[in-house]
Structures are given as C-alpha cells and as structure tokens.
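Please consider the structure shown below.

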Amino acid sequence: MPIRFDILTTFPEMFATEPPGALALSIPDRARRAGLVEWHATNIRDFTTDKHQKTDDRPFGGGPGMVMSCQPVWDAVCAVEAMDDRPATRVLLTPQGVPLTQPLVEELATMPRLLLLAGHYEGIDERVIRKLDPMEVSIGDFVLSGGELAAIVLMDAVIRLLPGALGDGESAGQDSFSPIGPGGQRLLDCPHYTRPRVWEGEEVPEILLSGDHGRIAAWRLEQSLQRTRERRPDLLAGPPDQPPPA
Ligand code: 9D3
C-alpha cells in the first residue's frame, strides 16, 4: 500500500500534480508515478456552512489578523479521515511545533497515512487543535505566510525515504554515504568536485586523484568534521546539561 497524505488547506492548488508544482517534479513525482505515495489536498473552505464560505473570524481579545474557525476545520478532518480505512497520524504545521528533524522524518515515513493540517492567517482556534490533538511540527525558526510550504517540505523529506523512491544515481536517505561523527552524530557533508581538474586556476584537492580509497575516506570524514565544527557546532554538542538535583 502506498503511504497516503491528506492535506487540509485553503490553498489546495499548491499540492497539484499538474501543471507541475513543487511535488510534481523529481523524486516525489517519480515516487508517485511508481505507486509509492498518493496525496489528496482538500479545501477547508468546502466545509464552511455560511453563505460567504468564511473559514476565519476576528480574534477574541482583539489584535491583528484572523483566526481559523473550529467548525470547518473539524468537519474537514472528520470527512477526510472517513475517506480511507487506515488511521491517520494528524500533523499540524505551526511555528509553535517541535522542530522537524531527520529522526522525526524517519518516524513519519513508517506511518501508513499522514493528515497534514496547514493553517493560513494568524492561527487556528486553540479549541479545535486540542480536540484534534495533533502532533505539532515546525520546519524552523523563520516566519512563513502559511503552513502549506512547510507541509510540502515535510512531504518531500518523507517521500524520498520510501523504499524504492531513490534511483540508482541518487544517494539514499539512511545512506551509507552520509558522514557520521565519532559520537555517532550526523555530520555535514564533505566538499565535492568533478571535471575539469583545474577550473579558473583552482585545482581539485590532490588526494581525490590519488586512487587511495582509504585515505580519501579519511580525508572526507576530516572535512566533514571540520565543517561541522565551524558551521554547525550544535550538531556535535552533547545533550544540554541537566539541572542539578534540588
Ligand atoms: C507574524 C505572525 N506571527 C505572530 C507572532 C504568528 C504566525 C502565524 C502563522 C507566524 C507564521 C504563521 C504561518 N506559518 C506557519 O503556519 C508555519 C511555519 C512557519 O512560519 N515557520 C516554520 N515552520 C512553520 S510550520 C507552519
């Protein structure tokens, strides 16, 4: 069975398979055509009950922006979940969520069905969030205009991990090629080079031309460690200090 994504959004066009959108190209499109994944975007607006099809309203307590209303979100989730027998893991894309990391992506890739809820506006009424009790996920500490692009990022990261999604040329997800540090941490990749051997007077590092695969592997690991220390020391740091016992 393919993994099934259901996306609930007021912008379902962002998930179209044609004309090619973000997920209708490259690895996700090939995975879809191979039957490894299917996705269905549902417009939350189709579940509004008022004549103006309003999905949002002004915030209690005042302030800027609009809040997505409970009823259309709840009815959309219930209707979409009933379209398939498999239980859906509910995921709300929100700046308040837990950070999306590769271990979380790997966990999500084992699920038969993911229901992604993407909000626009300031946010969604907290009461329907509590009733849905979704996993809340953020893709990073920057401000998007809505959850849709975050949903696309999550889908791309999950889809490329599905068995059979990567072609022969592409390095795999849990790949043997991804550099691992002395403490088992994931490291940044080493630099890569291809022909010509000299470009604009810049030479390819001599070691890569040596044919000595042992020394090449050691050099690449050292490059990965050095770059990780310089650019992402947080990846090498151990767990944060525990507070001392009282
Ligand atoms: C400027 C508005 N913000 C007030 C403090 C709140 C806010 C609401 C909704 C900010 C962004 C959004 C829309 N973003 C998402 O829905 C979102 C998101 C993001 O903005 N960054 C990283 N991950 C995610 S996941 C969903």
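**Backbone, charges and overall form**

Gln53 is situated in the loop that runs between S2 and strand S3 (56-57). In this predicted model, Gln53 has a positive phi of about 55° although it is not a glycine. Its relative accessibility of 37% lies between the limits of 20% and 50%, and Gln53 therefore counts as partly exposed. Most residues other than glycine have a negative phi, and most peptide bonds are trans.

A further residue with a positive phi is Ser26, at about 60°, and Ser26 is not a glycine either. Ser26 is found in helix H1. At 56% relative accessibility, Ser26 counts as exposed.

The peptide bonds also deserve attention. The bond from Glu18 to Pro19 is cis, with omega near -5°. Pro19 belongs to the loop between strand S1 (3-9) and H1. Arg195 and Pro196 are likewise joined by a cis peptide bond, whose omega is about 5°. Pro196 is placed in the loop between H5 and strand S9 (198-199).

Which residues of H1 are buried? They are Ile27, Pro28, Asp29 and Ala31. After H1 comes Gly35, which has a positive phi near 80°.

Asp29 also takes part in a salt bridge: its partner is Arg33, and the closest N and O atoms are 2.8 Å apart. Both residues belong to helix H1 (residues 26-33), where a spacing of four residues corresponds to about one turn of the helix. Arg33 has a relative accessible area of 58%, which is over 50%, and so Arg33 is exposed.

Arg130 forms a salt bridge with Glu126, in which the closest N and O atoms are 2.3 Å apart. Here Arg130 counts as partly exposed at 42% relative accessibility, and Glu126 counts as partly exposed at 44%.

Asp234 and Arg232 provide a further example, their side chains meeting in a salt bridge with an N to O distance of 2.9 Å. Asp234 is partly exposed at 47% relative accessibility, and Arg232 is partly exposed with a relative accessible area of 35%. Elsewhere, salt bridges that share partners connect Arg4, Asp6, Asp84, Arg86 and Arg113 into one network. How many salt bridges are there by this rule? The count comes to 14.

Strand S10 (residues 202-203) includes Glu203. When residues up to four places away in sequence are not counted, Glu203 touches Arg197 and Val198. The C-alpha atoms of Glu203 and Tyr193 are separated by 9.6 Å, the two residues being ten residues apart along the chain.

These local features can now be set within the whole chain. Its secondary structure comes to six helices and ten strands. Taken along the principal axes, the C-alpha atoms fill a box of roughly 70 × 55 × 40 Å. The radius of gyration of the chain is 22 Å, whereas a compact globule of 246 residues would have one near 18 Å.

Of the 246 residues of the chain, 37% count as buried. Among contacts in the chain with a separation of 6 or more, residues 24 or more positions apart account for 74%. The chain exposes about 15100 Å², of which carbon and sulfur atoms supply 54%. As for charge, the chain has 24 positive and 36 negative side chains. The centres of these two sets lie 1 Å apart.

Terms used. Residues are numbered from 1 along each chain as its sequence is written. Side-chain values use heavy atoms; hydrogens and water are left out. A salt bridge is a side-chain nitrogen of Lys or Arg within 4 Å of a carboxyl oxygen of Asp or Glu. Helices (H or I, at least four residues) and strands (E, at least two) are DSSP runs, numbered from the N terminus. Buried means under 20% relative accessible area, exposed over 50%, partly exposed in between (1.4 Å probe, protein chains only). The radius of gyration is taken over C-alpha atoms; the globule rule is 2.2 Å times the number of residues to the power 0.38. Contact means heavy atoms within 4.5 Å. Accessible areas come from the Shrake-Rupley method with a 1.4 Å probe; for residues, only the protein chains shown count as cover. Lys and Arg count as positive and Asp and Glu as negative; His and the chain ends are not counted. The place of a charge is taken as NZ of Lys, CZ of Arg, CG of Asp or CD of Glu.
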